[in-house]
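Subject: Handover of a structure and notes on its contents

Dear colleague,

Please find the structure below, together with its sequence. My notes on what was found in it follow directly after.

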Amino acid sequence: MKQNRFWSFLFLAIGVLYFLLPLIGTFEFSLKMRRGVYSLDAYEAVIFDPRFQATFGYSVMMALATIVVGVLLVVPTAYWVRLKLPSWRPVLEFVTLLPLVIPPIVIVFGYIRLYNTSSWLPLTGTAMGTNILLMFGYVVLSLPYMYRAIDTGLRAIDVGTLTEAAQSLGAGWITIMWRVILPNVFVAVLSGAFLTFAIVIGEFVLAALLNRPAFGPYLQLIGANRAYEPAALAVIAFAITWGCMALIQVVSRFAPRPPAQPH
Amino acid sequence: MNDVTAAAAAAPPAYRPKLSFAWVGVVPFVAFAFLFLILPTLQIVTGAFRNPAGEFTLANVANLFQPSILSAYWISIRISVASAFLGCVVGFLLAWAIVLGGLPSWVRSPLLTFSGVASNFAGVPLAFAFLSTFGRLGLVTLILRDWFGINIYAYGFNILSFGGLTLTYLFFQIPLMVLIVTPALDGMRREWREAASILGATGFQYWRMVALPILWPTLLGTFALLFANAFGAVATAYALTGSSLSIVPILLFAQIRGDVLQDPHLGYALAFGMIVVTGIANFVYIWLRTRSERWIK
Amino acid sequence: MSDPFLSIRQVRKAFGPTVVVQEFNLDVKQGEFVSFLGPSGCGKTTMLRIVAGFEEPSAGTVNIGGKDVTALKPNQRNIGMVFQAYALFPNMTVAGNIGFGLKVAGKPATEIRSRVGEMLDLIKLQDFGNRYPYQLSGGQQQRVALARAMAPRPQVLLLDEPLSALDAKVRVSLREEIRAIQKELGITTVFVTHDQEEALSMSDRIVVMYNGCAEQVGTPFEIYNRPATRFVAGFVGTLNVIEGTITDPTAGTVSIAGGAVSVGNRVAGRKAGEAVSLALRPEAIALGRREGRDGLVKGTIREVSFLGSVIRVRVAVGEALLSLDTFNNPASPPPVAGETAEISFSSSDMLILDR
């Protein structure tokens, strides 16, 4: 056991070193914009850059839209499959795993070819159409996480009994979804939502290839042309990711909520 | 949601109880997956076997077999294998340290949270972080040079290379492995270890004959996932190296942007090749898994 | 008595400030079947794990076959063990599990194969060698676990509540089977259980444990009929406790609700007027007068439970509620609650609970 502990501390120390060094290095680098002293100049330069504000705002809107569409798509489907079509579960599992196996760049390449201006559904013809296409692409990227989070949430509650209870009280399907199922998987939905937010906010490939003014391509542009601002942006991006994960931790404290809710 | 309602409305009337319309409920999802996941992928696959006139041809795929493209595939595969393998090994050791290594119990939760963060901290910002740390003016580079007199660049290290990219990818590969394998290690029952020990097995024999065979499917699956994860990663590599390192996703990125060759069907073939590689990785995984998992229901 | 084969001397175990085993001494003869019986948290499993080598005692020694094994690791002790929840290796077949101990010892394949065959015969699962654990029932898995423990010919067999995860019917048949195999092979066995019926039916001797101490060591007959402490009396079997007052210590008379009894010289030396707790097993009490029984009290029948072959009757005597068992008799109807009744017993069956 003592020997075990020595090795554990060794592995842990190596791990901590490997993971902390780049973070410290980036942070230190981001403070060095003014020669000779540490300053927050790089952060100031970034935050007051109108392009930062525009692209960041665009990506936040994208992330929110992705979350809404993803939830509306996944929650009813996962619920319905659990309730009525259990034999479809393996199909759903397989399909939602595909985005982890098929590289995103391949998927977006397919979009460009499939929905170009001369196709049957010319989504890339207009800015709005391209936005929608990009958002659908993000829904696809977040499917593995969204589906798993929600399916885990549904497993924790007794879907069949809840539904029958609601039906016996005269509830229709919309009421059941909105008043019964959604509140009960709300924590799971939030977990999936924060993860989706973390993925979408800095995403590069889809946005760059569909040519949308998102945060990811902006990051890349700054990285190619500036020295210290990228480090500041990396620190900000890390803070956002960390914030999302922290929020997941916080909401999952409330996870196994008692099914007895006032509504 | 409206479609679910529609499905309910379309429920079979009482006098025809055998006909079920329950499948209507999954139509929105299936349609979405078909339009934005399956169909685009199929488009690439079929496009790889067509010429610009739309006729069947093997020329696009044959075009892949030119030295520059082959070497791009080769270096991509090497980076993916190396980062997946190292990610598995280091991630496994870390998870082992958390679960079985006798570390204080407060270590576990922050480490898992951090793994969640780091496994999602990929793309462009990750490249910035590693440039700021291991780049020519990075913190570690400078510290090693000024304090220890070691100039890693003089020893041939370059962040814009196979080694550098692998080192960078490990930042999200290791935490992903930790996240997947920690629950698997939690599932290893103490009685298995004790039973092996009382039957005379050494710690090494226990790991070789019991623990590793039980964990094998998880390890293989994670390896396949990490491989695909690294193989398809564009943003980190592109932000780190620009177009200077010729790996497949970057080649394809340049193709789609129209920076290089104008033959869109070579792009199809490149993308098809990527699907084939990740497909083979997953097929090997599934095959090995069914072989090693006869003991699971 | 021949030299003890397994000898536990002055063993003490503490986890930090919590003492879980104290001053434990036990000698087990070659081929003997000894049970550790007690409620959960009494230290019986810890004691077993000390013998196995999974826990290091804070003080004391463990000897097996005349050799001090206290400092040896579990894999150097040549002990067989069966765990509560099967603990079969899920990735190996039944044959692979049984042969595991021989394989890690580097035995040749032919020897392993023949020994595995022998063990499969012993547990009557000849055709199951190629199955995986998940394809077996709980009882079958536990028999395989037993065979796996026995295959390397261990010096001592340890059984850690091996039956508690099984359902009632299997539990009874498997305990008979384990006992038969143990007798056939003559292996020294220590069995941990919280189930008194298992301990009473299987053991040569029982160690009743409570709060880390061995309260009493004895044969099942002694433990049941002559419990040494109040705890043993209460834990093993059902017990009716009657509070009484000594009226004459020399004559041995004690007054209880509804009458007086004589307990001979067992309260000699105590003072008149002192309170005393008397105890009776349900089967020692009879409904109505019986020939040769000197104890007789009156009471009211409160409750009648028909258990099949036995009818359990609860009779209120003063403050106390006494349980008694009568055999079912198809010819006469069972007693009815609310009736008054006389109950009789022999005062020599009465236990005096001192502590």
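**Helix H8 of chain B**

In this predicted model, helix H8 of chain B covers residues 162-186, which is 25 residues. From its first C-alpha to its last it reaches 35 Å, close to the 36 Å expected at 1.5 Å a residue.

**Chain B as a whole**

What does the secondary structure of chain B come to? There are 13 helices and zero strands, so that the elements, read from the N terminus on, run α-α-α-α-α-α-α-α-α-α-α-α-α. Chain B has 297 residues, and buried residues make up 45% of them. Among the contacts in chain B with a separation of 6 or more, 72% are accounted for by residues 24 or more positions apart.

The buried residues of H5(B) are Leu111(B), Ser115(B), Gly116(B), Val117(B), Ala118(B), Ser119(B) and Asn120(B).

The domain assignment of chain B gives domain 1 (2-47) and domain 2 (66-292). The C-alpha centres of domain 1 of chain B and domain 2 of chain B lie 37 Å apart. The contact between them takes four residues from domain 1 of chain B and five residues from domain 2 of chain B. On the side of domain 1 of chain B that touches domain 2 of chain B, two residues are nonpolar, two are polar and none is charged.

**Contacts between the chains**

Which chains share the most contacts? Of the two pairs of chains in contact, it is chains A and B. Here 66 residues of chain B are in contact with 71 residues of chain A. Helix H2 of chain B (residues 27-47) gives the most to the side of chain B that touches chain A, with 12 residues. That side of chain B consists of 47 nonpolar and 19 polar residues, with no charged residues.

Chain B also meets chain C: 18 residues of chain B are in contact with 19 residues of chain C. The elements that give two or more residues to this side of chain B are helix H9 (190-198) and helix H10 (203-231) of chain B. H9(B) gives the most, with six residues. By class, the side of chain B that touches chain C divides into nine nonpolar, four polar and five charged residues.

Chain A and chain C, by contrast, do not touch, and their nearest C-alpha atoms are 12 Å apart.

**Chain C**

The domain assignment of chain C gives domain 1 (6-235) and domain 2 (240-353). Taken over C-alpha atoms, the centres of domain 1 of chain C and domain 2 of chain C are separated by 39 Å.

Strand S17 (residues 310-317) and strand S18 (residues 320-327) of chain C pair in the antiparallel sense over eight bridges. One of the paired residues is Ala316(C), whose bridge partner in S18(C) is Leu321(C). The hairpin of S17(C) and S18(C) has two residues between the strands, and Gly318(C) takes a positive phi near 60° there.

Two further residues of chain C deserve a note on their backbone. Most residues other than glycine have a negative phi. Lys124(C), although it is not a glycine, has a positive phi of about 55°. Lys124(C) has its place in the loop between helix H3 (109-122) and helix H4 (138-150) of chain C. Glu161(C) is likewise a residue other than glycine with a positive phi, in this case near 45°. Glu161(C) is found in the loop between strand S7 (156-160) and helix H5 (168-185) of chain C.

Are these two residues buried or exposed? Lys124(C) has 11 other C-beta atoms within 10 Å and is therefore exposed, as the limit for an exposed residue is 12 or fewer. Glu161(C) has 21 other C-beta atoms within 10 Å and is therefore buried, as the limit for a buried residue is 20 or more.

With kind regards

Notes: Residues are numbered from 1 along each chain as its sequence is written. Chains are lettered from A and ligands numbered from 1 in the order in which they are written. This is a predicted model: local features need pLDDT of at least 70, side-chain atom pairs count only at pLDDT 80 or more; totals for chains, interfaces and linings use all residues. Two residues are in contact if their C-beta atoms, placed from the backbone, lie within 7 Å. Helices (H or I, at least four residues) and strands (E, at least two) are DSSP runs, numbered from the N terminus. Ala, Val, Leu, Ile, Met, Phe, Trp, Tyr, Cys and Pro count as nonpolar, Asp, Glu, Lys and Arg as charged, and the others, Gly among them, as polar. Domain bounds come from an automatic or database domain assignment. The expected span of a helix is 1.5 Å times one less than its number of residues. Two strands pair if DSSP finds at least two bridges between them.
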